[in-house]
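Please read it alongside the model.

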Amino acid sequence: MLQPSARTGDSLLETLPQWNRRPRWALLLTICVALLWLPGAAGSTLNCHKTCICASNIVSCAKMNMTTVPTALPLYTAVLDLSYNNITRLRSEWTPVKLLKLHNLLLSHNGLHFLSSEAFVYVKYLRYLDLSSNNLRQLDEIIFDPLVNLEVLLLYNNQISQIDRTAFVGVTNLQKLYLSQNQISRFPVELVKEKYRLEKLSLLDVSSNKVKVLPIDELQVLPAWIKNGLYFHNNPLLCHCDLYTLLAHWYIRKLNSVVDFKDDYTCVLPGPQKTQVGIFDLSGDTMNCSTFKEADEEAFLEQKLTLACDTKHRVTSKTWTMPGNMVVTPGNNQTAKVLPDGSLQISPVRLDDSGTYTCFAMNEAFNETIYVVLKVHNFTMHGGGETLNTAYTTLVGCLASVVLVLMYLYLTPCRCFCCPNKGKNRGDDSIHSSMLSVTPTHEDPALKAELNRHVAFIDSKDLQGQNGKLNPNGDEDDDDLDAEAGSLMKGKRKKSVAESISSVFSDTPMVV
């Protein structure tokens, strides 16, 4: 029967010449020291008497110079404080068992730069996670997905420059997210944008980053309870009047995000000098932005209108009063009613609905009053278009009339220089020639000869008027000549009416 050799260890030492002449205790001591320096050995087992402080369900291991998370944590642990250590990597196996009662985990000031995608699989019931003041550089898409109950996440004072657009999709109960003092250059609008935002998120801090441009249009339409907790001061924003209008509106509404940090909202003026000025100074000589004024609500007759009670806090009870301090109550036959979300619906809108509406929002902690000024136009929404069509038709008719008159006056057929011998009989005469000319248009030789023999200039100074007749103070021979000329003209009156009209309206010598 074979006997086991008792010198198995000696044979092993013989194979290592460098260890052959050393005592056995030195080898054992070296192996123990090496095991102590293996990863995880420094905090392998929780010691509530030497390395950590255990108080009921709270375990505090802060400032213990740990490099890994201690194992054998009690299952009843609710708060675990590992801040101010040297835990640079948080692996998936940092806790081998599920800590179902753990709701607060503090890992700040550790130099942490790596997070495993499965780091939070066994702590799904976390409500408060502090990863601030570390060296995190990016946030991947599925890191926080297991934390469906997380309410507060602290990521400020890191080196984060990249955030995946779906990094926070799984944290549906998140209420407060702190991302300040990082290297973020893109505003994470997907966190607050309609249809994409986290429904319970009431505070988003992206201050002290590298954001230059804000999505102004998306931020303007946000409800006031989100604007109230949206902080983006101390960023190198580019100066623009739309930015001033946005913040001026928030300041008038007394939103905390602007009121508390009004002097910290600055922007960079365009130009090579990159001058930094206060955003609220843009209404002066800096950029001469227009002073903001709250716009009134406008409505039309017979329209269905909804007035929002846009309060700074989400959960409130709301009461409305109409113009004249009439409280809106259900079942009082009013055209206005309060909807379940607290807004006021008026249907149909009437002209006497114009005025100031007041919304009183209250809860256990605060109360707020919001005024909404409504202006009702004296026509329906489609009536305005009919009025415009009528005015347009009238204008077109007037223009057409003017054109026709001008065509009649200036584009009539010509009879003189265009077609002198067409369409005109010898005996016809134009009214224009009758009024503007004293030369007879009818070429009658006999009449022309007679007129040439009896042309005289009558001086008005030598005449005296009596009963509408002219009595010259001349000789009797002159009277005979006048009588003869009158007899001759009387005989030709029917043939030359134009000559008599010409003699009346002309300043040329009168034919006698």
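Helices (H or I, at least four residues) and strands (E, at least two) are DSSP runs, numbered from the N terminus. The model is predicted, so local features need pLDDT of at least 70 and side-chain atom pairs count only at pLDDT 80 or more, while totals for chains, interfaces and linings use all residues. Residues are numbered from 1 along each chain as its sequence is written, and side-chain values use heavy atoms, with hydrogens and water left out.

**Helix 6**
- Leu243, Tyr244, Leu246, Leu247, Ala248 and Trp250 of helix 6 are buried, that is, under 20% relative accessible area, against over 50% for exposed and in between for partly exposed (1.4 Å probe, protein chains only).
- After helix 6 comes Lys254, with a positive phi near 60°.

**Nonpolar cores**
- A nonpolar core is a set of buried Ala, Val, Leu, Ile, Met, Phe, Trp, Tyr and Cys residues joined through side-chain atoms within 4.5 Å.
- The largest such core has 77 residues, and Phe120, Leu129, Phe144, Leu155, Phe168 and Leu177 have the most contacts inside it.
- At least two residues of this core come from each of helix 4 (216-220), helix 5 (224-227) and helix 6.
- Helix 6 supplies the largest share of this core, 6 residues.
- A second, separate core has 18 residues, including Cys309, Leu344, Ile346 and Tyr357.

**Paired strands**
- Strand 19 (residues 317-322) and strand 23 (residues 355-362) run antiparallel and are joined by 5 bridges; strands pair if DSSP finds at least two bridges between them.
- Lys318 stands opposite Ala361 of strand 23.
- Strand 19 is also joined by 2 bridges to strand 20 (residues 326-327), again antiparallel, and Met322 has Met326 in strand 20 as its bridge partner.
- The hairpin of strand 19 and strand 20 has 3 residues between the strands, and Gly324 there takes a positive phi near 90°.

**Gln303**
- Gln303 lies in the loop between strand 17 (297-301) and strand 18 (305-307).
- Gln303 counts as buried because its relative accessible area is 19%.
- A polar atom of the Gln303 side chain lies 2.8 Å from the backbone nitrogen of Phe300.
- Leaving aside residues up to four places away in sequence, Gln303 touches Ile346, Ser347, Pro348, Val349 and Met381, where contact means heavy atoms within 4.5 Å.

Note on methods: Polar contact = N/O pair within 3.5 Å; in protein donor to acceptor, adjacent residues only side chain to side chain.
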